[in-house]
Amino acid sequence: MKIFRTRSALLKWRKTHRGALGFVPTMGALHEGHLSLVRSARKEARTVIASIFVNPTQFGPNEDFSKYPRQIEADAKLLESAGCDFVFAPKSVEEVYGRLSETSIKADTELSSILCGPIRPGHFDGVCSVVYKLFSWVRPSLAIFGEKDFQQLQIIKAMVKDLELSVKIKGGKLIRETSGLAMSSRNAYLTRESRERASLIYRVLSTSKDPHSAKQELIAAGFDVQYLECRSEDLRTILPGPKGRWLVAALFEGVRLIDNVKR
Ligand code: AMP
């Protein structure tokens, strides 16, 4: 597996590459959720490239950008074991962003005004901006995004449609720990015991009869619930439940967890 640490090395390789290319963008601190996306890309494209970049523009001023886990060597080993061929892991933020004042992408305003949008102002614009740049350098035929970040997946699909980008977007299944807790790089901030307790989120999303009682149950168990809603698959309509896509964001012991379940 070859790792590119600069944009120029990536671009040089890309000029010579031919054939279907599957792409998995990540922020690193990889786990089985990320690796399942690589395996899924592997099934559809002859060559697979992943990226590892903790993107500053998608973090708010009081979020965990500086403490976000960075473990490039361990990540590279995991990617190789999952059958990844190439990795783009820019060595600095400057490899990706030229100027603070540079042009950026504005995410679909309807999709980014709901759920995580109001809680993380500018987050989805930052995601779209970096993904747009990565797409223009990597020029993949297919890109895979996890259903773990279901709102992000819908927003990327909207960007690709609206800007007529020639890349196919596929959703990858949400991978969970045995307890049911959605795998996340941020789970590393929790102790093993807290992770077990946090798995209540999944049970509540899977079994509650309506969003209101689900929210109350999580609050009673010590979660600080930012939202808990049931929506249509395109997220544009709120539903009473139980049928629909249930989505939640909650702080548990100060760690922000998101999850979603389709019922
Ligand atoms: P991140 O490194 O958190 O930016 O995630 C990179 C990609 O991996 C995104 O498309 C995520 O949706 C996806 N991902 C993260 N966690 C999971 C998971 N538990 N199951 C499936 N995909 C995931």
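Author: The side chain of Ser 208 comes within 2.9 Å of the backbone oxygen of Val 204. This is a predicted model, in which local features need pLDDT of at least 70, side-chain atom pairs count only at pLDDT 80 or more, and totals for chains, interfaces and linings use all residues. Residues are numbered from 1 along each chain as its sequence is written, and side-chain values use heavy atoms, with hydrogens and water left out.

Reader: Why is Ser 208 called buried?

Author: Its relative accessible area is 6%. Buried means under 20%, exposed over 50%, partly exposed in between (1.4 Å probe, protein chains only). So Ser 208 counts as buried.

Reader: What does Ser 208 touch, not counting residues up to four places away in sequence?

Author: Ala 214, Glu 217, Pro 242, Trp 246 and Arg 263. Contact means heavy atoms within 4.5 Å.

Reader: Where is Ser 208 found?

Author: In the loop between H8 and H9. Helices (H or I, at least four residues) and strands (E, at least two) are DSSP runs, numbered from the N terminus.

Reader: What makes E7 and E9 a pair?

Author: Seven bridges join them, in the antiparallel sense. Two strands pair if DSSP finds at least two bridges between them. Therefore E7 and E9 pair. Within E9, Trp 246 is the bridge partner of Cys 230.

Reader: Which are the edge strands of the sheet?

Author: The order is E8-E7-E9-E10, in an open antiparallel sheet. Strands E8 (238–239) and E10 (255–262) are the edges, because each pairs on one side only.

Conventions: Polar contact = N/O pair within 3.5 Å; in protein donor to acceptor, adjacent residues only side chain to side chain.
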